[in-house]
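Biologist: Please show me how to read a structure, one feature at a time. Start wherever you like.

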Amino acid sequence: MNTKLVVFSILGGVAVTLLTGLLPNTVLLGAEHYGYPLAWLVRLVLAPEYFPWRVNVPNLIVDLAIWIIIVGIVVN
């Protein structure tokens, strides 16, 4: 396996995943969800007394894996 391909895939996958955190995915009652294909960033709207942002770590890891694979296929 080419190490350059692996490095570009990982860096590109991380960049795309973080950029999808800027795009709203769904708005459910009291929260806005961000990230594609899975919503991994949640902003609480109804009760933002404390820190209103939450990260769903399992969804973030799955998104990273999906985007790393997609970028690896495109770069190859």
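Modeller: Start with aromatic rings. Rings of Phe, Tyr and Trp, for Trp the six-membered ring, pair if their centres lie within 6.5 Å. Planes under 30 degrees apart are stacked, those over 60 are edge-to-face, and the rest are tilted. Keep in mind that this is a predicted model.

Biologist: By this rule, what does the count of aromatic pairs come to?

Modeller: The count is one aromatic pair. Tyr-34 and Trp-53 form this pair, with ring centres 5.9 Å apart and 45° between the planes, and it is tilted. Tyr-34 belongs to strand E2 (residues 31-34) and Trp-53 to strand E4, so the pair ties together parts that are 19 residues apart in sequence.

Biologist: Is Tyr-34 buried or exposed?

Modeller: Buried means under 20% relative accessible area. Tyr-34 has 12%, so it is buried. Trp-53 has 33% relative accessibility, so it counts as partly exposed.

Biologist: Now the strands. What order do the four strands of the open sheet have?

Modeller: The order is E1-E2-E3-E4, and the pairing is antiparallel. Strand E1 (24-28) and strand E4 (53-55) stand at the edges with a single partner strand each, so one side of each has no neighbour in the sheet. On average, neighbouring strands of this sheet are turned by 20° against each other, direction ignored.

Biologist: How many bridges join E2 to E3?

Modeller: Four bridges join E2 to E3, and the two run antiparallel. Tyr-34 has Leu-41 in E3 as its bridge partner. The hairpin of E2 and E3 has six residues between the strands, and there Gly-35 takes a positive phi near 115°. Strand E3 (residues 41-44) also pairs with E4 in the antiparallel sense, over three bridges. Across from Val-42 stands Arg-54 in E4.

Biologist: On to helices. How far apart are the end C-alpha atoms of helix H1?

Modeller: They are 26 Å apart. At 1.5 Å a residue, the 18 residues of H1 (residues 3-20) should span 26 Å, so the two values agree. For H2, 19 residues should span 27 Å, and its end C-alpha atoms are 26 Å apart, which agrees.

Biologist: Which residues of H1 are buried?

Modeller: First, the general idea. An α-helix has 3.6 residues a turn, so residues three or four places apart point the same way. In H1, the buried residues are Leu-5, Ser-9, Gly-12, Gly-13, Thr-17 and Thr-20. Seen down the axis of H1, they fall within an arc of 130°, so they line one face of the helix. Thr-3, Lys-4, Leu-11, Leu-18 and Leu-19 are exposed on the other side of H1.

Biologist: And which residues are buried in H2?

Modeller: Leu-60, Asp-63, Trp-67, Val-71 and Gly-72. Down the axis of H2, the buried residues lie within an arc of 160°, so they line one face of the helix. Pro-58, Ile-61, Ile-69 and Ile-73 are exposed on the other side of H2.

Technical notes
Residues are numbered from 1 along each chain as its sequence is written. This is a predicted model: local features need pLDDT of at least 70, side-chain atom pairs count only at pLDDT 80 or more; totals for chains, interfaces and linings use all residues. Side-chain values use heavy atoms; hydrogens and water are left out. Two strands pair if DSSP finds at least two bridges between them. Axes are lines fitted to C-alpha atoms, for helices over the stretch in contact, and angles run from 0 to 180 degrees between N-to-C directions. Buried means under 20% relative accessible area, exposed over 50%, partly exposed in between (1.4 Å probe, protein chains only). The expected span of a helix is 1.5 Å times one less than its number of residues. The arc is that of the directions from the helix axis to the C-beta atoms.
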